[in-house]
Amino acid sequence: MAHITIAASEKVFKGLFEAIRDNFRFTRSDSGDFGPFNAAYSLEAHLQGGNVDLRADNTVQIKELDIKWDKLDLTLGIDIPEICVGGFCIIPIPFDGCLLEAPKICVFSADPDISFTLPLGGLITSEISVTASLLMKYATNTARPSGMNDWDAQDATPSLANHWQLFIDPKFIDVDIFDIADIVGDLLEKAANAAIDNLLGFLPDWARDLIKAILGSVIDLIRKILDIPDDIQEWISNLLKVSFGILDFILQLVADYLANKYPIQLIEDPYPILPAANNPNPGAPLRIVPVKIPIRDLKVFNDDKEMVLQGNVG
Amino acid sequence: MGFTDNCDIFASFHEDGFNQILSHIKSQRPSLFNYATADVAKNRELLCSAIEPHPIIFIRNNPLVTIMDPLPVPGTNYGVNFAVQIVEMKIDFHPGNQFNLPPELNPPLNVQRLGIKLRLCGGIGCPGKDIIDQFIPLPEDPDKNPNRQQEKVPLILLPVRQLTCFCLDAYATGGIRIVNYHGRPYLEPFLDGFEIVDIEPTGLENSIECYVVLTLKLSVLPGLRILLKEMPLNLTQGAPDLFPKPTNIVLSPTSVSPTLPNNPAIEEDLLKVFIKAEVI
């Protein structure tokens with residue numbers, strides 16, 4: 001029989017899941033140059049909904065956990081080919097040039113020429129489902145010099161102690177990410193129009209009308225420059241998922257948290273069962289060492305009712 | 001039947017694990033188990049039982065023995081060396097199967113009870129007759145001023161070549177319960193019986209046992225009470241970038257009920273604890 005058994009009910013697991021879910025926050029931002037345009041994003045997200053289920057096959061299932069994008073601002077900077085208007089002769093002098101020329105005005109000479117931000121936060125929904133098993137691993141501290149005793153390892157700053165680590169080991173992760181609402185097309189068109197109006201605002205009316213006539217449909221122009229196919233949602237989704245790697249980032253984040261970067265519990269080995277104490281006798285040393293017990297054969301498993309941790313004292 | 005049918009979190013500790021822990025404490029903190037005068041501590045071969053410490057004790061220069069004042073010889077300034085050692089300590093959760101209780105403790109071990117076996121060794125440094133004779137005080141000088149105050153002088157330790165040692169086996173039975181004091185729950189060890197084996201005459205045995213029981217009940221066991229205050233555990237402390245607030249689980253004992261008659265429970269060679277958990 002195991003020396004130590006600790007079991008937690010599914011009810012505790014559900015409570016923990018809800019608390020961890022509600023406390024989880026992440027933020028990230030990045031930018032990139034993609035030739036005819038550049039883009040940047042800034043995101044803040046939290047988790048919502050979903051449920052956790054301990055299963056009889058020694059796995060834990062988290063279903064339909066929503067990622068709520070509190071903020072997902074996508075900023076696009078677009079380089080529009082330069083357009084010049086004016087410069088033609090209003091009053092010519094026959095055979096001797098021009099008495100009065102219309103002023104020549106060039107626009108879209110910068111790179112990028114226009115920049116606008118799409119606030120996508122409320123327009124995107126994402127969902128994660130994970131099936132995982134609980135995993136206990138022994139981590140030998142690789143920074144610890146060979147031959148160092150457990151007490152010197154504990155006293156080191158940072159600690160060089162070895163640990164048992166409890167992880168959730170994902171067997172299956174399904175991230176249904178970036179279901180983007182179709183109004184994003186209108187949003188893009190309005191934002192681009194506003195940006196161009198703002199850029200051309202200094203021009204006289206005739207020049208602005210002329211340039212907009214040359215540009216034609218702004219959204220057609222933007223589509224052409226950005227090489228956007230028919231489906232704007234898919235283009236934005238690909239930009240965020242593939243070009244910026246947010247999908248990989250979220251998958252990595254989930255996998256890291258669940259698998260190896262963030263153990264959900266650490267148990268020092270050997271475990272200090274009595275702390276360091278004052279020397280009962282006068283003189284040096286002033287403090288005597290903590291009492292440590294080696295933890296052996298630690299294992300973790302679950303059925304559909306509870307998670308069980310068992311181990312022995314070495 | 002699941003471990004957590006009557007609670008949120010269940011924890012059990014097997015007596016073999018407990019005894020293993022006791023052996024680690026004994027080797028890593030020998031000063032809790034060995035008491036002697038400074039002279040005996042310096043000359044460990046005088047001890048009644050050899051100490052086998054963990055190597056870290058020598059590496060860190062930790063004490064093997066808690067140093068005690070010599071045992072005074074009444075009416076003199078002399079003292080004698082002595083040592084008291086707990087050389088064996090074993091715990092047995094119901095049902096009793098680690099050792100046999102003496103008849104005075106009415107074996108077998110009662111349900112929901114634990115037994116403890118102790119082997120104590122001790123001895124005093126009784127000097128030889130030739131040495132004692134050298135220290136017999138002379139009569140007072142009749143011409144000495146009777147009003148002169150005697151100065152307080154430190155105890156003079158009588159020299160010794162070895163301790164006169166003895167060993168005793170002692171047994172205790174008792175349990176662990178949760179009791180409310182001042183409206184708050186405490187985990188409290190308690191004593192049912194205590195027996196020292198083979199001391200004669202019976203009156204001496206009973207007197208020593210009475211004194212030990214008084215010491216245990218009035219001093220030692222009250223000091224071992226543990227206040228079961230809410231114990232928060234932060235489960236997300238390893239990832240502060242993802243969890244700005246801690247995820248705490250607060251633990252407290254599950255109340256006893258018809259389906260959970262004992263908490264803690266001592267049964268099947270285990271100490272079992274049933275815990276209520278609240279995630280905040």
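What radius of gyration does chain B have, and what would a compact globule of 280 residues have? In this predicted model, chain B has a radius of gyration of 25 Å, whereas a compact globule of 280 residues would be near 19 Å.

View 1. Taken along the principal axes, the C-alpha atoms of chain B fill a box of roughly 85 × 55 × 40 Å. The secondary structure of this chain comes to five helices and 15 strands, and 26% of its 280 residues count as buried. Among contacts in chain B between residues at least 6 apart in sequence, 67% join residues that are at least 24 apart. The pLDDT of chain B averages 90, with 94% of the residues scoring at least 70, and the model as a whole has an ipTM of 0.85 and a pTM of 0.76.

**View 2. The contact between chain A and chain B.** Chain A brings 43 residues to this contact, and chain B brings 39 residues. On the side of chain A that touches chain B, at least two residues each are supplied by β1 (4-9), α1 (10-23), β2 (25-33), β14 (271-274), β17 (291-293) and β19 (306-313) of chain A. The element that gives the most to this side is α1(A), with seven residues.

**View 3. Strand β1 of chain B and its partners in both chains.** Strand β1 (residues 9-14) of chain B pairs with β1(A) in the antiparallel sense over five bridges, and within this pairing B:S12 is the bridge partner of A:T5. The strand β1(B) is also joined by six bridges to strand β15 (residues 270-279) of chain B, again running antiparallel, and here the bridge partner of B:S12 is B:K272. Strands of a sheet pair through backbone hydrogen bonds, either parallel or antiparallel. Six of the six residues of β1(B) are buried, so the strand is largely enclosed by the rest of the structure. Both of its faces are covered, with B:I9, B:A11 and B:F13 buried on one side and B:F10, B:S12 and B:H14 buried on the other.

**View 4. Helix α1 of chain B.** Helix α1 of chain B covers residues 15-28, and because its 14 residues should span 20 Å at 1.5 Å a residue, the distance of 20 Å between its end C-alpha atoms agrees with that expectation. The buried residues of α1(B) are B:E15, B:G17, B:F18, B:I21, B:K26 and B:Q28.

**View 5. A seven-stranded open sheet in chain B.** Seven strands of chain B form this open sheet in the order β3-β2-β6-β7-β9-β10-β11, and their pairing is mixed. At the edges stand β3 (66-68) and β11 (226-227) of chain B, each with a single partner strand, so one side of each is left without a neighbour in the sheet. Within the sheet, strand β6 (residues 82-93) of chain B and strand β7 (residues 114-124) of chain B pair in the antiparallel sense over eleven bridges, and B:I91 stands opposite B:I116 in β7(B).

Definitions and conventions:
Residues are numbered from 1 along each chain as its sequence is written. Chains are lettered from A and ligands numbered from 1 in the order in which they are written. This is a predicted model: local features need pLDDT of at least 70, side-chain atom pairs count only at pLDDT 80 or more; totals for chains, interfaces and linings use all residues. pLDDT is the predictor's confidence in each residue, from 0 to 100. Two residues are in contact if their C-beta atoms, placed from the backbone, lie within 7 Å. Helices (H or I, at least four residues) and strands (E, at least two) are DSSP runs, numbered from the N terminus. Two strands pair if DSSP finds at least two bridges between them. A residue is buried if 20 or more other C-beta atoms lie within 10 Å of its own, exposed if 12 or fewer, and partly exposed in between; C-beta atoms are placed from the backbone. The radius of gyration is taken over C-alpha atoms; the globule rule is 2.2 Å times the number of residues to the power 0.38. The expected span of a helix is 1.5 Å times one less than its number of residues.
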